[in-house]
Amino acid sequence: PFGGYVTAAGIAEGLAQGEASFLVLMASDTLVLQTPSACRLPGGKSLGACPVHLKLLGCGTNEPIDEFWRLVYQHCQVGVEKIFPMETIVDEQLVRAYFNAGLLVVRPERGLLRSWQADFTNLYRLPEFEAIFQQNEYYAIFMHQAVLAGSVLSSLKPEEFQMLPFEMNYPLHLHTRVAVERRPSNLNQLITCRYENYGESFGNPEVHASIQIDQPLREWLQTHFE
């Protein structure tokens, strides 16, 4: 389902090389609420990203590597020593590196997004993956994100990765599932957020009751989305 997104990422990276220091790829259901200064990666960093929101298909650091991830690592040529842990945003599970594809910052010259495009194109129609897709639709839906992890880990040194702040790519559509002590109390605190379905996110009484939206942002949202 997200094959077009991967292709667009690879094409955009090629166009950006030699033209920009950084390329930021954001899912279309993203609101930018403050200047995303963290997208200016510090020296030595080639990828800025956030962990996935939920573990779902992720491989826990204390779990054996399952068949799906074994195949991803095998075809992307990922050595075990290159895999590092990260904690999911919403359910706070420790997993082997698994990035949310909805917000990625890269240095175009490193070719990370083009490698992702090539790996995805080579992998998603392999018979062994098609068999796994039949087991659970989530494998097909999130194949692009799993291949992103494999592709990045195969060529990126752990020290080249920059974790973006919690206030970026925040999952507003999952707000009520985030631990109360970690939830932002005001939407204006966030830098960028994801809303997936505007009506479900902003029309949800639970969300409205648990997060404040100050003016003029509230009026702007009403004007642009209602």
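Modeller: In this predicted model, His 175 sits in the loop that runs between strand S8 (170-171) and strand S9 (192-194). His 175 counts as buried because its relative accessibility is 0%, and the cut-off for buried is under 20%. The side chain of His 175 makes a polar contact of 2.7 Å with the side chain of Tyr 170. Beyond the neighbours within four places in sequence, His 175 is in contact with Tyr 170, Arg 183, Pro 184, Ser 210 and Ile 211.

Now the cores. The largest nonpolar core has 45 residues, and those with the most contacts inside it are Leu 47, Phe 68, Trp 69, Phe 99 and Trp 116. Among the elements that each supply at least two residues of this core are helix H1 (3-16), strand S3 (47-51), strand S6 (99-106) and helix H3 (112-123). Its largest share, seven residues, comes from H6. Tyr 170, the partner of His 175 in the polar contact, belongs to another core, which lies apart from the largest one and has 19 residues, including Val 207, Ile 213 and Leu 217.

The crossing of H1 and H3 is left-handed. Residues making this contact include Tyr 5, Val 6 and Ala 9 of H1 and Leu 113, Trp 116 and Phe 120 of H3. By class, the contact has eight nonpolar, five polar and two charged residues.

Technical notes: Residues are numbered from 1 along each chain as its sequence is written. This is a predicted model: local features need pLDDT of at least 70, side-chain atom pairs count only at pLDDT 80 or more; totals for chains, interfaces and linings use all residues. Side-chain values use heavy atoms; hydrogens and water are left out. A nonpolar core is a set of buried Ala, Val, Leu, Ile, Met, Phe, Trp, Tyr and Cys residues joined through side-chain atoms within 4.5 Å. Buried means under 20% relative accessible area, exposed over 50%, partly exposed in between (1.4 Å probe, protein chains only). Helices (H or I, at least four residues) and strands (E, at least two) are DSSP runs, numbered from the N terminus. A polar contact is a pair of N or O atoms within 3.5 Å; within protein, one must be able to donate a hydrogen and the other to accept it, and residues adjacent in sequence count only if both atoms are side-chain atoms. Contact means heavy atoms within 4.5 Å. A crossing is left-handed if the near helix is turned anticlockwise from the far one by less than a right angle, and right-handed if clockwise. Ala, Val, Leu, Ile, Met, Phe, Trp, Tyr, Cys and Pro count as nonpolar, Asp, Glu, Lys and Arg as charged, and the others, Gly among them, as polar.
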